[in-house]
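Here is a short note to read alongside the structure. Take the points in order and keep the view open as you go.

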Amino acid sequence: MVKLLQEYWFLITFIFGIFGGAWKGITTLNETLLSIKHQLEVSNKQHQMDVNMSIEDRRKLWIEVHKLEDEIGAIDRDVTRHDEQLKTLFKER
């Protein structure tokens with residue numbers, strides 16, 4: 001056994017070096033992928049919050065638009081009524 005170790009020590013250390021390097025590379029790659037996954041999750045949560053806020057803002061804007069359209073309709077009816085009153089006043093004179 002000792003003779004075998006003496007003859008092939010360089011091969012044994014080379015194989016252990018390869019396995020050690022592969023292990024270190026795999027763990028580094030795994031840590032990097034986990035970090036990227038975390039960043040994507042945070043980014044997706046922020047994007048989802050922005051989308052939800054955008055939908056809510058759009059809904060509020062449409063409610064405001066409908067209110068203003070109702071107000072414009074009421075003003076238009078008042079203007080029409082006043083125009084008719086003016087026409088009848090001028091016809092009477």
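**Notes on the chain**

1. Begin with the fold. The secondary structure comes to one helix and zero strands. Keep in mind that this is a predicted model.

2. Next, the overall dimensions. The C-alpha atoms fill a box of roughly 135 × 15 × 10 Å along the principal axes. The radius of gyration of the chain is 40 Å, while a compact globule of 93 residues would have one near 12 Å.

3. Now the surface. What share of the 93 residues counts as buried? The share is 0%. The chain exposes about 9100 Å². Carbon and sulfur atoms supply 66% of that area.

4. Then the charges. The chain carries 13 positive and 15 negative side chains. The centres of these two sets lie 4 Å apart. Side chains of opposite charge can pair when their charged atoms come close. How many salt bridges does the count come to? It comes to two salt bridges.

5. Look at Glu 56 and Arg 59. These residues form a salt bridge, and their closest N and O atoms are 3.0 Å apart. That distance meets the rule because a salt bridge needs the nitrogen within 4 Å of the carboxyl oxygen. Both residues lie in helix α1, which covers residues 2–92. Three residues separate their positions, about one turn of the helix.

6. The partly exposed class runs between the buried limit of 20% and the exposed limit of 50%.

7. Move along to Asp 78 and Arg 81. Their side chains meet in a salt bridge, at 3.3 Å from N to O. Asp 78 and Arg 81 both lie in helix α1. They sit three residues apart, about one turn of the helix. Asp 78 counts as partly exposed because its relative accessibility is 35%. Arg 81 counts as partly exposed at 42%.

8. Finally, the rings. A pair of aromatic rings is described by the distance of the centres and the angle of the planes. The count here comes to one aromatic pair. Trp 9 and Phe 10 form that pair, with 6.2 Å centre to centre and 90 degrees between the planes. The arrangement is edge-to-face, because planes over 60 degrees apart count as such.

9. The cut-off for exposed is over 50%.

Methods:
Residues are numbered from 1 along each chain as its sequence is written. This is a predicted model: local features need pLDDT of at least 70, side-chain atom pairs count only at pLDDT 80 or more; totals for chains, interfaces and linings use all residues. Side-chain values use heavy atoms; hydrogens and water are left out. Helices (H or I, at least four residues) and strands (E, at least two) are DSSP runs, numbered from the N terminus. Buried means under 20% relative accessible area, exposed over 50%, partly exposed in between (1.4 Å probe, protein chains only). Rings of Phe, Tyr and Trp (its six-membered ring) pair if their centres lie within 6.5 Å; planes under 30 degrees apart count as stacked, over 60 as edge-to-face and the rest as tilted. The radius of gyration is taken over C-alpha atoms; the globule rule is 2.2 Å times the number of residues to the power 0.38. Accessible areas come from the Shrake-Rupley method with a 1.4 Å probe; for residues, only the protein chains shown count as cover. Lys and Arg count as positive and Asp and Glu as negative; His and the chain ends are not counted. The place of a charge is taken as NZ of Lys, CZ of Arg, CG of Asp or CD of Glu.
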